[in-house]
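This report covers a ligand site, some helix pairs and some backbone details of one structure.

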Amino acid sequence: MSRSLDQFVDGKLKALEQRNLRRVLAETERVGPIKVMRGGRRLISFSCNDYLNLSQHPEIKRAAIAATERYGVGAGASRLVTGNHPLFKTLEEKLARLKGAEAACVFGSGYLANTGIIPALVGADDMVAVDELSHACIFAGSRLTKAALHVFRHNDIGHLREILATHRARHPRALIVTDGVFSMDGDLAPIAALADAADAFDAWLMTDDAHGIGVIGGGRGSSFVDGGAHRVPLQMGTLSKAIGGYGGYLCAGRSVIDLIRTRSRTFIYSTGLPPASVAAAIAAIELIERDPDYAALPLAKARAFTRALGLPEAQSPIVPIVLGGETRTLAASRLLEDEGFLVIAIRPPTVPAGTARLRVTFTAAHDDADVRRLADVIRARILTEAA
Ligand SMILES: *Cc1c(COP(=O)(O)O)cnc(C)c1O
């Protein structure tokens, strides 16, 4: 049909393939809380973000099925039109309470949340400061604003303060955005220090707690670690990881939420979440509130793993094993697959060049013996070979 299109695409794919950067989908069937079927093999997954295994939880499945029976499979329209089914109010109240905020707004996904929230709050005259290792959708949202984008070195408060000292005065508004738990590194943002810097320069602090909700801070996320309730006026996150289903959210003050509902384009021009997803999230949050000990399990398993390998103590259920090159990392992932483990290789551009890694994630239902065996295989067969 279009020769130039085909030529362009084929050339692009070949170039990516040569750099080991072409991606392909592997059909993966979840079987139970931690096992998957992939390529005809049954593997123990250390690659799901389903930290509390709630995507497979009988009580949560029942809640989703009941909501489908009652309200149907889809919302039917944007929430501002006719898509605002009654379950949204319950979910938003529960999210706000969990996060210690006045109100919450649920989006179609975490990606839609970040690309909707950031442009609704800052514009062309303003500035955004983003931690360099933040999730891709934070950068996507920031670029949609036309605001001046400043990237600060990972968790480097000194660098952030330098940027604010140099540029803040020239802009009416400044937003600081960071992952609360870094998705590919598993470390935490220094929330208290970020909040202090935000206060000092009258900037607004926004955290993306995709990997924090449900698993750290007693299940309440990165603003609540060490028993503290740090001052984060904009707490964004997703319902697709520890919460087990799908959807995104922002927890914030009442008027911020009112503005977001009025001005956020990914909220206005996108259909509301299906009732089943909303009902599942409600049931998941109830479970987390009821059983904080269960919510603490993924981090405990991650810490057993880092102790076994002599790695720095895990701060979240995500543990990276940085191997450097794409080829070495892919080989390590294949080796683990032969041992019955699914541990995905993460490559650029998801992570910076030269830092390809195995990203190991731990969930509540992982067996302690499997965690030990994974550590043994990694120590004996992957970390011993020369980089
Ligand atoms: C997964 C993730 C998102 C995107 O959330 P979805 O609901 O999957 O779209 C956003 N931010 C971070 C840090 C994530 O890890």
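In this predicted model, a side-chain N or O atom of Asp 208 lies 2.5 Å from a nitrogen atom of the ligand. Two further side chains approach oxygen atoms of the ligand. For Thr 238, an N or O atom of the side chain is 2.7 Å from a ligand oxygen atom. For Lys 241, a polar side-chain atom is 2.7 Å from an oxygen atom of the ligand. The ligand is surrounded by 14 residues. Asp 208, Thr 238 and Lys 241 are among the closest of these, and Gly 110 and His 211 also belong to the closest group.

Two packed helices are described by the angle between their axes and the distance between the axes.

| Helix pair | Angle | Axis distance |
|---|---|---|
| Helix 6 (residues 157-167) and helix 7 (residues 191-200) | about 10° | 10 Å |
| Helix 13 (residues 326-338) and helix 14 (residues 368-382) | about 135° | 11 Å |

On the helix 4 side, the contact is made by Ile 117, Ala 120 and Leu 121. Their partners in helix 8 are Leu 259, Ile 260 and Arg 263. By class, this contact of helix 4 with helix 8 holds five nonpolar residues, no polar residue and one charged residue.

Helix 6 and helix 7 pack at about 10°. That angle makes helix 6 roughly parallel to helix 7. Their crossing is right-handed. Helix 6 contributes Ile 157, Leu 160, Arg 161 and Leu 164, which meet Ala 193, Leu 194, Asp 196, Ala 197 and Ala 200 of helix 7. Seven residues of the contact of helix 6 with helix 7 are nonpolar, none is polar and two are charged.

Helix 13 and helix 14 pack at about 135° and are therefore oblique to each other. Helix 13 passes helix 14 in a right-handed crossing. Which residues of helix 13 meet helix 14? They are Arg 328, Ala 332, Leu 335 and Leu 336. The contact of helix 13 with helix 14 has seven nonpolar residues, no polar residue and two charged residues.

Two backbone details remain, each in a loop. Pro 348 and Pro 349 are joined by a cis peptide bond, with omega about 10°. Pro 349 sits in the loop between strand 13 (345-346) and strand 14 (356-361). Lys 146 is not a glycine, yet it has a positive phi of about 65°. The loop that holds Lys 146 runs between helix 5 (136-143) and strand 6 (148-152).

Terms used:
Residues numbered from 1 in each chain as written. Predicted model: local features only at pLDDT ≥ 70, side-chain atom pairs only at ≥ 80, totals over all residues. Heavy atoms only, no water. Axes fitted to C-alpha atoms, helices over the stretch in contact; angles between N-to-C directions. Helix = DSSP H or I, 4+ residues; strand = E, 2+ residues; numbered from the N terminus. Parallel < 35°, antiparallel > 145°, perpendicular 65-115°, else oblique. Left-handed = near helix turned anticlockwise from the far one by under 90°. Contact = heavy atoms within 4.5 Å. Nonpolar A, V, L, I, M, F, W, Y, C, P; charged D, E, K, R; others polar. Near = heavy atom within 4 Å. Polar contact = N/O pair within 3.5 Å; in protein donor to acceptor, adjacent residues only side chain to side chain.
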